[in-house]
Amino acid sequence: MGLFLLKRLLTLVATLAGASVVVFLVLEILPGNAAQVLLGPDAAPEAVAALSAQLGLDQPALQRYLHWVAGLPVGDLGNSYAYGTPVQELVLERLALTVPLAVLSMLLATVLAIAAGLYAAERHNRWGDVGVMGLAQLGIAIPNFWFAILLILLFSVKLQWFSAGGFPGWTEASGGGPLAALQALLLPAVSL
């Protein structure tokens with residue numbers, strides 16, 4: 001068991017390393033200059049050169065990549081040029097919503113799967129079993145985004161039980177609260 005987990009962990013690390021190299025190389029090969037894009041097409045060449053130096057784009061590609069990889073273990077993911085803040089802050093800010101959504105959707109999926117599995121097992125090779133298998137295939141075939149649109153149309157537009165979008169926040173100071181936050185996550189979790 002330990003050897004299996006070690007192999008899986010090494011495969012994960014190799015996949016992440018390979019993906020990072022491929023993405024870095026593709027961005028390096030693409031024509032254009034990030035500093036030019038940030039400043040606009042009418043920017044002075046001196047301003048583009050100064051921003052390139054500030055962003056480290058004047059350094060060799062291998063040096064930039066190794067600098068980025070060296071920052072990963074300590075959580076230094078660099079700065080977002082679009083937002084002007086550290087990437088780590090942006091990721092942590094998004095995780096405050098993503099992790100509860102993932103946990104809620106996995107919890108719903110587990111409860112539904114166990115209930116459907118028990119129902120189908122109790123009615124093996126009968127209409128109940130065939131019906132559950134058919135619904136499972138239908139659930140796999142329908143894309144999540146399409147199912148989400150149907151849920152919004154039914155529960156938000158037609159019945160008006162849920163809000164069609166937005167997230168009120170986890171605290172009452174932010175305009176929401178735990179119950180309002182869970183209610184806002186329920187439709188996205190069901191569609192996932």
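The dialogue below takes up pockets, then a surface patch, then salt bridges.

Me: How much space lies in the largest pocket, and which residues lie nearest its centre?

Reply: Please note that this is a predicted model. The largest pocket holds about 1100 Å³ of space. Its lining comprises 27 residues, and those nearest the centre are F24, L55, L57, R64 and Y81.

Me: Which helices supply at least two residues each to that lining, and which gives the most?

Reply: Helices α1 (2-29), α3 (45-55) and α4 (61-71) each supply at least two residues. The greatest share comes from α1, with six residues. By class, the lining of the largest pocket has 14 nonpolar, 10 polar and three charged residues.

Me: Which residues form the nonpolar patch on the surface?

Reply: The patch is formed by L108, F145, W146, F147, I149, L150, I152, L153, V157, L186 and V190, which together have about 930 Å² of accessible area. Two or more of its residues come from α7 and from α8; α7 gives the most, with eight.

Me: What is the general idea behind a salt bridge, and how many does the structure hold?

Reply: Side chains of opposite charge can pair when their charged atoms come close. The structure holds three salt bridges. In one of them, E28 pairs with R64, with the closest N and O atoms 2.3 Å apart. This pair links distant parts of the chain, since E28 is in helix α1 and R64 in helix α4, 36 residues apart. E28 is partly exposed, at 36% relative accessibility, whereas R64 is buried, at 15%.

Me: Which residues form the other bridges?

Reply: E93 and R94 meet in a salt bridge at 3.5 Å, N to O. E93 is exposed, with a relative accessible area of 54%, while R94 is partly exposed at 39%. E122 forms a salt bridge with R123, the closest N and O atoms being 2.6 Å apart. E122 is exposed at 55%, and R123 is partly exposed at 25%.

How values were computed:
Residues are numbered from 1 along each chain as its sequence is written. This is a predicted model: local features need pLDDT of at least 70, side-chain atom pairs count only at pLDDT 80 or more; totals for chains, interfaces and linings use all residues. Side-chain values use heavy atoms; hydrogens and water are left out. On a 1 Å grid over the protein atoms alone, a cavity is a set of points where a 1.4 Å probe fits but cannot get out, and a pocket is an open set with protein on both sides within 12 Å along at least five of seven lines; lining residues have an atom within 4 Å of a point. Grid points are joined across faces, edges and corners, and a volume is the space filled by probe spheres set on the points. Helices (H or I, at least four residues) and strands (E, at least two) are DSSP runs, numbered from the N terminus. Ala, Val, Leu, Ile, Met, Phe, Trp, Tyr, Cys and Pro count as nonpolar, Asp, Glu, Lys and Arg as charged, and the others, Gly among them, as polar. Patches are made of residues with over 30% relative accessible area and no salt bridge: like charges are joined within 9 Å, nonpolar side chains (Val, Leu, Ile, Met, Phe, Trp, Tyr) within 5 Å. Accessible areas come from the Shrake-Rupley method with a 1.4 Å probe; for residues, only the protein chains shown count as cover. A salt bridge is a side-chain nitrogen of Lys or Arg within 4 Å of a carboxyl oxygen of Asp or Glu. Buried means under 20% relative accessible area, exposed over 50%, partly exposed in between (1.4 Å probe, protein chains only).
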